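Biologist: I am new to reading protein models. Could you show me how to look at rings and burial?

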Amino acid sequence: MAGRSRSRQRSADYAWLITGPLALFAVACTLAFWIESPDWYEDWLAGLIIFAFYLVSQLASFNVVIRRSAFAVTVTEVPLVLGLYYVSPVLMVGVVALGMLCIQMRTAIAPVKAWFNVAKQAASICAALLVIGAFPRMTEAGLSTWGILGLAVAVSVLVQLACLAGVMSLVQGGRAGPDVLRASVPNVVIAGVNAAVGLLFLIALEETKWSALLLAVLAVALTLLLRSFAGVFRQHRTLADVYELTQAVRKEGTDNALPDVLLGRVRALMRSEYATLWLAPQDRYPEVLLSAQVDNKGLLDVSPVPAAVRDFAIEERRVVGVGSQFRDTEHLRGALREAGMKDVLVVPLRSGSAMIGTLEVVNRLGESRSFQDSDMQVLETIAAHTAAAVENSRLVDRLRHDAYHDRLTGMPNRRRIVDALAESVRVHAEHEVVAVVLFDVDGQRNVNESMGHAAGDKLLSEVAARLRGIADSGALVGRIGGDEFVVTLRAESLEATIALATQMRERLRGPLAVGSLTLDVDTAVGVAVYPDHGSDPETLLQRAELAANAAKALPYGVQPFHPALESRAVRRLGIAADLRRALDNGQLEVYFQPMVTLADRHVVGVECLARWAHPAHGEVAPEDFVAVAEHTGQLARLTEVVLSAGLRRCRDWADADRPLSIAVNLSARTLLDSRFPDVVEEMLATYRVDPGLVTFEISEPGMLNDIERVLPTLYRLRDLGVRLSVDDFGTGASSLAYLRQWPVHEVKIDDSFVQGMATDSGDLAIVRAVVGLSREFGLTVVAEGVESELTLDLLEEMGCELGQGYLFSRPLPFERLEAWLAAQTEPESTPTGEVRRLRAVI
């Protein structure tokens, strides 16, 4: 059993301790009335009419919900006033007791409760009759009669409240009685109003018996009107409760918090004895089975629903109701009776086409004794929001897990390693070092080129498994790059770390089967320690990597960091100087990669990409010279060069009546420059380009690091009319909910997910979820890295709008792009100008 402490309760059979004395009191009073009035049966016709009126008044009771308060509206005091005046005491006791017995038999409640209600009602009417007997006989409907009957009704109501408070205190604890009295104040007021109405009926009947016809019409009309208003109030309250529940689920609905937020509210809303949430086990998510019960403040880790009913709902993939109101599930009534349940509703929770669990309510309580079709609709609405909350929380959890773990090996990735190193450095103890041991796998690139990436991935997975096996229990093992693994641990000294690294390298070496070949695994190992080689995680990792690169030239393959290894930084400074000259002399070239609509294969835009051919070093990787530009303050100049080239070509295409949009990558550091939107506005005016044809792509991890600082610039860019795109989505740790807060128009799914979706069900699920939820938010979805027809078909089927990748074209210089457009596309006229349509995807 899970949850908080359960309230102390006794068996319901303790109610007989109060029911018995009440019954004896009623019997004694009835005998006394009989002795006093032996001819009590003479007004049997009036008794029969009052009996019928009493039954109708009991059956016509209903609830009215106003704001947060519920009021039970009955008119039983009206026939009581008339009966106390017109019917003999013995007959009146019989009318009330027999009428209440009929009502209890109709509702089919537990015998102990039924007999308590009968005894309570009989005792209360006896008390009222004793009050009347204490006064002179009533002969007319005058003022004295009003007072006597009013006092009698008040005594009857108070006796009923006292009996109810007593039995609740006896069965459910001492605090239940006062709670009943406080909750009954509105009912006392209603009883007073009903007594006044009864006196009005009495006055009219005393004036003329024919007034009974008009009074009957009035009573029926008022009853129908009040029931109509009650239905409207009840419907309004249900909608308000459903809204509040869905808001709470959306705000706090994670797999762990969802039952606490959901179940108690669902049980109260559906007025059921139980509300149960069942989530099937999935991947690394365990099974969830928790129930809220009406008399238990905590949650139970059991479900009263028979497994046959739940299985039937999942098999039918629809809401299933079992009970007296549902004829299509008669075959399940037996299983329900065996479980001791009266009725149940079960709604499957869907995640796409998969069934991930059920939401269940059992045993309807209150005014309506059985679940209705309207209850099924309410529960379906709640279940839809619940399923969405589960799906979103698991997606966010998966994205968060992926943000800190390597997809191929499941190891902690660079971000996780950096966080762990930061914590180790913070709690560093004397006479020890925090060691970073980096393993660079030799030959992995050759395996990729000769045997394919699948073989290279298998090699890395085997290396990861070996490294886990040989690392100490206190070490953290992770993968920080393509063929780079890191082990972080505490050691006595640098020398002890080098000795340990040498042992690990030797144990890691040896033959490894990859496909049909057996390869020798060798690694180059770099070592850096805190505090000797750096004071922060990034510096330690960087210097361990420098040492590993140097270790590749050593026969023993293990190299600790040495300051001389930082000569590479000198080369970086040289590249920085060369980059400045290249920017000034126009030596950087801008390439263009087409973006294609997946539905109709229209080329609608291009992404602008900078390329640099260094005269001495050859092609410089974009990530290298972009990093140099960021660190040397040349990033703004580099961005302007790329944007200027893109706008110039965009203007040319527009003048040729075949407009193409352009996309330009922005660094988060560029967005920190408050002058950048002004520069963009001036350049748009200079080249006379429609802002809607320009998209700025910002990397998701970059946005997350400085989101609060870059938001003002993003809003200013949006106000200019340019489009904003979240690039590399999925590689950071953001929630999809952030997409609704950021002023963006587009989501660009990272190519690592797109390229793996055809073979990896996890990547496929992530892409499908991002596409679906992004479209729900009204965002355009672009998939980068489209390299196969199968990937293209999957993206088109799930509704992705745009794609780019080698399947369509590599990034091309402007002249080759024009030649590609001429060779691979054909013109198609549209109201906005000429559009190029792909002839075929090869």
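Biologist: Are tryptophan 653 and phenylalanine 814 buried or exposed?

Modeller: Buried means under 20% relative accessible area, exposed over 50%, and partly exposed in between (1.4 Å probe, protein chains only). Here, both tryptophan 653 and phenylalanine 814 are buried. Tryptophan 653 has a relative accessible area of 1%. This is a predicted model, where local features need pLDDT of at least 70, side-chain atom pairs count only at pLDDT 80 or more, and totals for chains, interfaces and linings use all residues. Residues are numbered from 1 along each chain as its sequence is written, and side-chain values use heavy atoms, leaving out hydrogens and water.

Biologist: How are the rings of tryptophan 653 and phenylalanine 814 placed?

Modeller: Rings of Phe, Tyr and Trp (its six-membered ring) pair if their centres lie within 6.5 Å; planes under 30 degrees apart count as stacked, over 60 as edge-to-face and the rest as tilted. For tryptophan 653 and phenylalanine 814, the centres are 6.1 Å apart and the planes at 35 degrees, so this pair is tilted.

Biologist: Which residues do ring pairs link into a cluster?

Modeller: The cluster holds Phe592, Trp653 and Phe814. Phenylalanine 592 is buried too, at 2% relative accessibility. A search of the whole structure finds five aromatic pairs. In one of them, the rings of phenylalanine 592 and tryptophan 653 have planes at 80 degrees and centres 6.1 Å apart, so they are edge-to-face.

Biologist: What sits over the ring of tyrosine 806?

Modeller: A charge sits over a ring if NZ of Lys or CZ of Arg is within 6 Å of the ring centre and within 35 degrees of the ring normal. Over tyrosine 806 you will find the charged end of arginine 810, 4.1 Å from the ring centre.
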